[in-house]
Amino acid sequence: MNTRSFLRSGSRGLLALLVLATGYGCGGGSGAATVSNPLTTPPEVSNYSGPPPATADVQSFKLNVWDNLVPNNRCGSCHNDSQTPRFVRSDDVNLAYEAANTVVELTDPAMSIMVGKVRGGHNCWLASDDACADIIQSYIENWAGDTLGGVAKEIQLIAPPQQMPGSSKNFPDDPSDFAATVYPLLTSFCVDCHTDTAVVPQSPYFASADLDTAYDAAKAKIDLDAPENSRFVVRLGEEFHNCWSGNCASDADDMEQAIVDLSGLIPVTEVDPDLVTSMALGLPDGIVSSAGGRHETNVIALYEFKTGTGSQAYDTSGVEPALNLTLSGGYDWVGGWGVAFTAGKAQGSTTASTKLYDLITATGEFSIEAWVVPANVTQDGPARIVSYSGGSMARNFMLGQTLYQYDAYLRSDATDQNGEPALSTNPDDEDLQATLQHVVMTYDPVEGRRIYVNGQFTEDLDPIPPDLLSEWDNTFAFAVGSEVDNQNRWAGTMRLLAVHNRVLTDEQILQNFEVGVGEKYYLLFNVSAHVGIDDAYVVFEVSQFDSYSYLFDEPFFVILDSSASPGSIPMAGMRIGLNGREVAVGQAFRNLDVTITDAEYDTSGIQVLSTLGTVVPLEKGPDEDEFFLTFERLGSATNVVVEATPAPPPPPAEVPIDERTAPHGIRDFAEINATMSTMTGVPTSNSQVASTYDLVYQAMPVQTGIGGFISSQQMGITQLAIKYCSVLVDDTGLRASFWPSFTDWNASPGAAFGGDRSAVIDPIIDNFVGRGIATQPGEGAVATEIDDLISRLASGSSNTEDIMKASCAAALGSAAMLVQ
Amino acid sequence: MKLRRFRVRSGGASALLIAGLLLSAAAAADSLDQAKRLHDRIAGVPPDPTTLANMADEIQLNNDPLAAALIATDAPAFYSVTLKNFAAPWTNRDRSVFVPLNDYIATVIGIVRDEVDFREILHGDILYVGSGGGVPPYSISNNDHYEALESQGADLRAALTRTTQSSLTGLPANATAGVMTTRAAAKAFFIDGTNRAMFRFTMLNHLCNDMEQVLDITRPPDRIRQDVSRSPGGDSRVFLNNCIGCHSGMDPLAQAFAYYDYEYDVMSDPDGEFGAINYNAVGEVDPDTGTRVESKYFNNALNFEHGFQTPDDSWDNYWRAGQNVLLGWDASLPGSGTGAKSMGEELAHSDAFAQCQVKKVFRNVCLRSPETDADRAQIDVMVSSLETTGYNLKQTFAESAVYCMGN
């Protein structure tokens with residue numbers, strides 16, 4: 001079989017071809033420079049009195065693996081004296097080392113027989129087989145770190161099973177078929193636990209009273225193409241999980257039949273025969289690419305949230321006692337490892353939490369490292385992301401969120417019981433974003449608190465000098481997502497959490513950030529049929545991005561036969577297919593247009609096709625979804641995609657006659673100002689007018705619709721009108737021009753207005769209303785109104801100029817000016 | 001002919017009296033009403049009696065209401081009031097009309113006054129400045145020049161002079177893009193952020209489409225920058241159903257602004273009142289990126305590190321396919337290029353641009369949006385007219401006013 005090997009360093013590191021044939025090499029890479037051993041305090045450690053370790057590697061094996069597994073409550077009860085392989089035999093650790101080498105794979109600890117055996121259910125000492133396997137894997141990784149000088153991992157590309165993109169059945173958007181077939185069984189027999197309203201709600205909520213919720217949750221448990229493989233069926237028939245009739249086989253048959261019925265209602269999605277496709281494969285066919293390489297030398301509590309179900313989050317650090325967390329309240333396990341807290345909490349016992357007190361106060365320094373996805377940037381309190389506390393006002397440490405900032409609280413001799421004053425990231429920097437972030441809070445007696453986001457120090461300095469941790473309280477409890485008293489909940493997803501009892505260096509933090517989070521796979525899409533070369537692949541690094549999507553990242557072309565060369569292969573318009581059809585959204589590689597050439601290929605052993613990644617929607621779940629690639633051009637094969645021309649939208653309906661806008665409107669604030677200036681002859685730049693305008697312009701109409709006119713706007717208009725008229729009357733030149741026939745400015749009102757008032761009123765009509773314009777107010781009516789006003793004012797104490805101003809303003813501030 | 005009330009004039013223009021003798025009384029009243037409304041709607045102020053009479057004559061005697069409307073476009077208030085407030089909301093994020101005169105507004109006013117191809121507002125090397133005693137010269141670091149013009153009540157019809165941005169602002173001629181590269185636009189839309197605001201508000205103001213209207217999730221997301229979370233709050237459905245729909249088209253177009261920024265002293269001038277547009281010309285390198293691309297294009301780059309990293313100011317219009325074909329792109333243009341100038345031309349040459357300008361004018365003059373099939377047919381007529389008259393927006397104002405002058 002042809003295989004190709006790569007060294008992977010960091011999530012965004014370039015793949016470097018190391019070995020051109022089957023086999024392993026030893027790599028350095030960017031793995032941790034492991035220099036000290038993890039602090040472990042395993043229970044019931046045997047006092048070893050046999051021959052000393054013969055080599056440094058045996059010594060490393062003893063410290064990292066043997067010491068941890070030799071107790072009788074681990075593997076020592078069998079694999080010490082009686083059961084082969086005797087990898088924890090206590091008579092001679094050198095012989096145990098030899099035995100262990102038959103069941104471990106140092107270059108890929110996850111592939112060790114020892115890990116696989118436990119993961120498969122072999123005598124795990126915890127409730128979760130995966131948790132035990134992860135713990136043993138971490139022991140082996142620490143050993144490998146010592147032995148190989150780091151745990152940078154060699155990736156070996158092996159040809160996956162070859163299968164054509166299959167026709168498949170896909171869940172319709174409408175849940176009605178589900179409601180008629182499977183849903184009744186779920187709501188009848190699973191409703192006591194698997195609903196969000198159960199006494200002890202058990203995720204997933206496929207028996208929820210809300211059909212859409214149940215449908216979404218049930219999809220991952222149903223295999224439409226092979227109903228007998230559905231998780232619902234297997235869980236009943238083979239795992240005997242809460243069968244309702246007492247006969248699990250019968251219940252499994254009922255469930256299978258319901259799924260068969262559902263499947264029968266759903267048509268098959270056929271692969272378009274015109275497509276130029278690769279071979280197909282699923283995520284389980286991929287090659288694990290997770291780099292390892294995390295620096296965890298001094299980790300004392302580690303949560304990877306792999307369990308995916310239940311109410312326990314296991315501490316897989318391997319450091320005893322395990323500080324397992326109990327989940328409560330509103331939470332959901334998320335795909336790709338993690339727990340989403342809505343109004344929930346994960347809390348350890350106070351007894352187990354003393355591990356943190358003991359191991360951190362022993363060193364006087366620590367680091368809290370987390371991969372988080374804050375649900376929003378509006379929560380505060382601070383919202384507790386991680387806290388080791390006794391209540392809302394008493395804690396040893398806390399990492400929290402206030403809007404866009406992370407907050408680090410720490411009790412020391414220099415801070416109060418609550419760990420204040422806090423260190424917070426600068427809110428203007430908006431370091432916290434509602435997306436997947438790697439955040440680290442460190443503390444040591446020299447630098448004090450420091451916060452790192454996505455591998456970078458935020459440059460926010462501790463506001464107080466560091467001090468001792470002698471005020472810590474060992475009765476507090478460790479909690480995630482909430483204060484221990486259930487206050488100050490944090491909404492967000494926690495995908496990994498580690499507590500180290502040493503400060504992570506800048507380099508180590510960056511290293512852990514670059515490793516990323518979650519399981520990643522190389523998916524090898526065979527394209528040999530179109531390029532004419534055996535074992536030619538387009539390879540993606542694929543991971544489950546969150547509960548609803550996959551990440552397809554950095555595609556490259558490779559031929560597993562290292563002696564082959566590509567020649568010249570044109571490739572264009574690559575798309576990702578899922579379950580028999582091209583995905584409608586997220587096709588970041590459809591503009592790809594490259595030629596795979598010998599020159600490009602030979603220099604690196606692969607040809608990178610793109611440095612981009614994209615997310616595509618998850619449909620059936622990571623165990624069921626089948627991927628393939630399509631190409632508009634690959635080698636000599638083409639499938640030109642021509643997009644349909646969209647039809648123009650139909651014209652909008654006419655507005656009914658009685659709802660149409662009135663034909664007239666009003667002037668806006670600026671038009672009013674300009675109009676008053678035009679009508680009176682007073683320039684808008686006049687200082688008195690401009691001053692008043694500055695005061696009232698925002699009170700006047702902005703919109704010109706007559707229906708929006710309100711009384712407060714009239715007040716603004718009136719003030720401005722009065723000012724214009726005041727300036728007009730006070731300016732002898734302007735008023736003489738405006739009222740050319742009126743000369744009694746200094747006369748008493750009785751004398752000035754006692755006779756014919758046309759010299760006063762006619763200019764107002766001429767300038768403000770206009771003559772002969774049907775849509776303006778009637779000239780006679782306006783004249784009468786002004787005449788009446790003058791009469792009223794003249795009988796009082798007003799002087800002539802004031803009466804002229806009032807007569808002017810009454811007309812100027814009226815609809816005669818305003819309406820257009 | 002319908003009979004209408006007739007009011008005997010007791011004053012006003014003698015010309016109208018003469019005309020009234022020649023015409024039926026009812027017709028004269030109609031033409032006066034129409035003339036007044038034309039002037040009100042175009043200039044925002046009523047006409048003086050002589051102008052009113054002249055316009056009525058055009059309507060009644062010459063049966064040429066368009067000529068009457070064009071008379072109204074000579075009114076100073078058309079420029080200082082109508083056009084100023086027409087353009088003012090385009091120059092700030094709040095779309096407020098309560099802003100001082102600035103170079104963006106003045107340039108729009110000048111382009112309409114001089115009947116310049118209105119598409120130049122998105123790609124021309126064009127700027128209008130004023131003059132007058134006590135008016136400080138144009139500055140790239142303050143707005144004093146235009147505020148002085150406004151406070152003096154300057155007649156913008158006469159005071160504005162056409163010039164080029166490249167001669168006054170320091171921008172290379174090929175880096176000018178009409179109003180998008182004016183100081184006012186830079187202050188509003190290049191300030192802070194990621195420069196997407198310039199694109200969004202240009203689409204909103206000049207193609208009459210906000211991002212929601214152009215959302216198309218089927219476009220390839222290969223140019224979406226790293227700062228856009230692909231899983232906001234841990235839920236990638238939000239990205240796949242919403243964010244991607246705008247960013248997939250917007251980001252490759254907004255890449256045209258990669259060399260622009262609005263620089264100001266955040267400590268002494270937190271609102272950026274005295275900032276200036278910056279453009280990384282050939283040979284100028286951003287110290288953070290090591291290229292001509294402004295560092296703001298890499299804000300929050302670790303939100304999704306697998307996203308697009310901007311290398312230059314090349315742009316592509318992905319909306320030339322998919323549902324946004326309906327925006328009517330110019331087939332004679334390539335749909336891709338480098339820099340804001342050619343991207344502005346791409347936008348300005350779309351059918352949506354012409355329709356948007358006509359609809360805005362219609363709304364401004366008729367005081368309402370199109371409501372009937374007849375209104376929409378009139379929009380189509382005016383769009384055709386705009387396209388065949390060299391994108392002379394003054395003509396559109398006149399045509400809209402005639403349509404809404406009543407009968």
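**Helix packing, chain contact and a buried strand**

Helices α16(B) and α17(B) are roughly antiparallel to each other, a class that covers angles over 145 degrees. The model is predicted, so local features need pLDDT of at least 70 and side-chain atom pairs pLDDT 80 or more, while totals for chains, interfaces and linings use all residues. Residues are numbered from 1 along each chain as its sequence is written, and chains are lettered from A and ligands numbered from 1 in the order of writing.

The angle between α16(B) (residues 373–388) and α17(B) (residues 393–403) is about 155°, and their axes lie 10 Å apart. Helices (H or I, at least four residues) and strands (E, at least two) are DSSP runs numbered from the N terminus, and axes are lines fitted to C-alpha atoms, for helices over the stretch in contact, with angles from 0 to 180 degrees between N-to-C directions.

Between chains, the contact (C-beta atoms, placed from the backbone, within 7 Å) takes 66 residues from chain A and 60 from chain B. On the side of chain B that touches chain A, α2(B) gives the most, with seven residues.

In chain A, six of the six residues of strand β32(A) (residues 626–631) are buried, so this strand is largely enclosed by the rest of the structure; buried denotes 20 or more other C-beta atoms within 10 Å of the residue's own, with C-beta atoms placed from the backbone. Glu626(A), Phe628(A) and Thr630(A) point one way from β32(A), and Phe627(A), Leu629(A) and Phe631(A) the other way. Strand β27(A) (residues 575–578) runs antiparallel to β32(A) and is joined to β32(A) by four bridges; pairing requires at least two bridges found by DSSP. Phe627(A) is the bridge partner of Leu578(A).

Definitions and conventions
Parallel < 35°, antiparallel > 145°, perpendicular 65-115°, else oblique. Contact = placed C-beta atoms within 7 Å. Buried ≥ 20, exposed ≤ 12 C-beta atoms within 10 Å, placed from the backbone.
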